[in-house]
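Visitor: I am new to this structure. Please show me how to read it, feature by feature.

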Amino acid sequence: MAYCPNCKIEYREGYEKCADCGETLVEELHEEHFSQDKDFALVFTGTMRYEAEMIKANLEGGEIETHIISQKDHNFPGAGGMSVIKVYVRKEHAAEAAQYVRSLREEGKLESEVENGEE
Ligand SMILES: [Zn+2]
């Protein structure tokens with residue numbers, strides 16, 4: 001799999017450049033591709049992959065483009081190999097997505113959330 005770091009579009013094997021913007025594709029999208037992109041907003045940070053998958057499934061059910069990024073976080077005390085999972089959506093959907101995440105949190109379904117992804 002390859003991705004355009006600008007458009008966040010997924011390409012099949014064999015493509016090297018983005019058909020839209022001409023950018024060289026990368027193997028994986030990393031957090032910096034989103035955190036440095038003003039078109040995207042962080043809506044959830046946690047440690048449980050299934051929670052991020054649940055958010056993604058629901059948001060995409062509402063036709064909101066959703067990206068899950070996971071990264072090893074070496075700042076977790078004593079938790080070797082624990083990953084931080086982040087969910088990004090496009091800015092125009094940030095309010096709606098944040099609202100949904102908030103409703104899940106209020107229902108007690110987001111046990112692993114580690115910081116507030118709103119604002
Ligand atoms: Zn592109």
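The dialogue below goes from the overall layout to single residues.

Guide: A note before we start. This is a predicted model, where local features need pLDDT of at least 70, side-chain atom pairs count only at pLDDT 80 or more, and totals for chains, interfaces and linings use all residues. Residues are numbered from 1 along each chain as its sequence is written.

Visitor: How much of the protein chain counts as buried?

Guide: Count the other C-beta atoms within 10 Å of a residue's own, with C-beta atoms placed from the backbone: 20 or more is buried, 12 or fewer is exposed, and in between is partly exposed. By that count, 20% of the 119 residues are buried.

Visitor: Which residues of the largest nonpolar core touch the most other members?

Guide: The general idea comes first. In soluble globular proteins, nonpolar side chains tend to be buried together. A nonpolar core is a set of buried Ala, Val, Leu, Ile, Met, Phe, Trp, Tyr and Cys residues joined through C-beta atoms within 7 Å. The largest one here has 15 residues, and Val-43, Phe-44, Ile-55, Val-87, Tyr-88 and Val-89 touch the most other members. At least two residues of this core come from each of strand S3 (40-46), helix H2 (49-61), strand S5 (83-90) and helix H3 (94-106).

Visitor: What does Val-89 touch?

Guide: Two residues are in contact if their C-beta atoms, placed from the backbone, lie within 7 Å. Set aside residues up to four places away in sequence; the partners of Val-89 then include Phe-40, Val-43, Leu-59, Ile-64 and Ala-97. Ala-41 is another partner. Ala-41 also stands opposite Val-89 in S5.

Visitor: How do S3 and S5 run, and how many bridges join them?

Guide: Strands pair if DSSP finds at least two bridges between them. S3 and S5 have 6 bridges and run antiparallel. S3 is largely enclosed by the rest of the structure, because 5 of its 7 residues are buried.

Visitor: Which residues of H2 are buried?

Guide: Glu-51, Ala-52, Ile-55 and Leu-59 are. Now look down the helix axis and take the arc of the directions from it to the C-beta atoms. The buried residues of H2 fall within an arc of 100 degrees, so they line one face of the helix. Tyr-50, Ala-57, Glu-60 and Gly-61 are exposed on the other side.

Visitor: Where is a positive phi found in a residue other than glycine?

Guide: Glu-63 is one case, with phi near 60 degrees. Glu-63 lies in the loop between H2 and strand S4 (66-72). Glu-63 has 7 other C-beta atoms within 10 Å, so it is exposed. Lys-8 is another case, with a phi of about 65 degrees. Lys-8 sits in the loop between strand S1 (2-3) and strand S2 (10-11). Lys-8 is partly exposed, with 17 other C-beta atoms within 10 Å.

Visitor: Which residues is His-67 in contact with, leaving aside neighbours within four places in sequence?

Guide: They are Lys-8, Leu-29, Phe-34 and Tyr-88. His-67 lies in strand S4. His-67 counts as partly exposed, with 17 C-beta neighbours inside 10 Å.

Notes: Helices (H or I, at least four residues) and strands (E, at least two) are DSSP runs, numbered from the N terminus.
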